[in-house]
Amino acid sequence: MVENHNVFAGAFVDRSGERRKDSDWLAEAAISEEAQFVPVWGDLCLVGGDPPHAVRLLRSQVEGFVDDQDLIFLGLFRNRPAFALAIDRDKEQPFADFGDFQSLRSLGTRLPLDESNLVAHARALVLWHASQLYCGICGSPSQAEAGGNSRRCQNKDCGREIFPRTDPAIIVLVHDGERCLLGRQQDWPADRYSTIAGFVEPGESLEDSIRREVYEETNVRVGAVHYHSSQPWPFPSSLMLGFIAEATSTDIVLNDGELEDARWFTREDLRSDFPKLPFRISIARRLVDHWIMLGDGD
Ligand SMILES: [Zn+2]
């Protein structure tokens with residue numbers, strides 16, 4: 001129902017799935033002058049310039065860092081092959097001439113939209129590889145394949161194929177028509193409130209998950225839920241699924257202690273100094289802005 005343009009999303013990388021298993025094409029693409037490498041040092045991304053841009057390096061600039069057996073092919077970005085370049089955090093910070101390594105969390109809204117999408121993709125895959133060096137079934141070493149888009153257990157008797165995982169999490173603005181339900185965690189900046197969120201558990205639908213999370217955290221019962229949009233959240237591997245939901249009860253009790261406070265806020269409250277709204281990078285902020293806008297249409 002809503003055009004998907006949350007930060008980090010946007011399908012700006014043509015993932016070229018058919019190229020992933022074409023090892024000759026990949027090998028050639030990786031040494032071509034067209035190749036661009038997106039460095040990820042530990043979990044940090046290389047940013048240069050003002051306004052900032054995500055640095056993409058040429059092959060000649062990354063010699064000595066690329067392992068051609070272990071390429072992580074992201075796809076075509078601005079029509080050129082793009083690879084993630086994983087650099088161990090234990091190594092000294094490289095590429096200082098090109099910029100600084102920074103946290104993607106603070107960069108999301110400052111980068112051009114297509115570059116945030118590219119870098120989120122690179123970061124998520126690099127961290128996934130680092131966490132899957134061994135098979136979870138037999139414990140043998142695993143190795144990247146399909147251009148770094150999967151791994152395979154090297155034990156011939158096992159041979160398990162391991163795919164990058166994405167962990168679904170719901171994030172929901174609950175409202176009773178006039179007011180919306182926001183909560184805050186203890187370690188958040190003062191006065192900041194946000195929508196209710198939590199991971200989807202095994203055996204749950206998204207609707208089940210929303211009704212359980214909202215009840216556990218606030219005691220509020222939820223009826224109808226409406227999908228809004230989603231956002232890749234590569235910290236390290238979540239997919240935030242955003243909803244607007246209708247409350248069928250309004251008494252708040254902080255059942256599971258996850259929140260320090262939860263309250264009902266009117267649209268007028270949300271336009272005032274209190275509460276402070278979620279950061280602009282987040283889908284939570286977009287849900288709040290969307291709900292405020294719905295009131296303007298009355
Ligand atoms: Zn195995």
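User: Why is Arg280 called exposed?

Analyst: The relative accessibility of Arg280 is 61%. Exposed means over 50% relative accessible area, buried under 20%, and partly exposed in between (1.4 Å probe, protein chains only), so Arg280 counts as exposed. This is a predicted model, in which local features need pLDDT of at least 70 and side-chain atom pairs count only at pLDDT 80 or more, while totals for chains, interfaces and linings use all residues. Residues are numbered from 1 along each chain as its sequence is written, and side-chain values use heavy atoms, with hydrogens and water left out.

User: What makes Arg280 and Asp289 a salt bridge?

Analyst: Their side chains meet at 4.0 Å, N to O. A salt bridge needs a side-chain nitrogen of Lys or Arg within 4 Å of a carboxyl oxygen of Asp or Glu. Asp289 is partly exposed, at 30%. The structure holds 19 salt bridges.

User: Which parts of the chain does the salt bridge of Asp43 and Arg89 tie together?

Analyst: The closest N and O atoms of Asp43 and Arg89 are 3.8 Å apart. Asp43 lies in the loop between β2 (36-41) and β3 (44-48) and Arg89 in the loop between β6 (80-87) and β7 (100-102), so the pair ties together parts 46 residues apart in sequence. The helices (H or I, at least four residues) and strands (E, at least two) are DSSP runs, numbered from the N terminus.

User: Why is the arrangement around the zinc ion called tetrahedral?

Analyst: Cys135, Cys138, Cys153 and Cys158 coordinate the zinc ion through their SG atoms at 2.3 to 2.4 Å. Donors are N, O and S atoms within 2.8 Å of the metal (3.2 Å for Na, K and Ca). The angles between the four donors run from 96 to 115°. Four donors count as tetrahedral if all angles lie between 85 and 135 degrees, so this arrangement is tetrahedral.

User: How do you know that Phe95 and Phe98 are edge-to-face?

Analyst: Their ring centres are 6.4 Å apart and their planes lie at 70°. Rings of Phe, Tyr and Trp (its six-membered ring) pair if their centres lie within 6.5 Å; planes under 30 degrees apart count as stacked, over 60 as edge-to-face and the rest as tilted. The pair is therefore edge-to-face. Phe95 is buried, at 8%, whereas Phe98 is partly exposed, at 32%. Phe265 and Phe274 also form an edge-to-face pair, with 6.0 Å between centres and 65° between planes.

Notes. Tetrahedral: all angles 85-135°; square planar, octahedral: opposite > 155°, others 65-115°.
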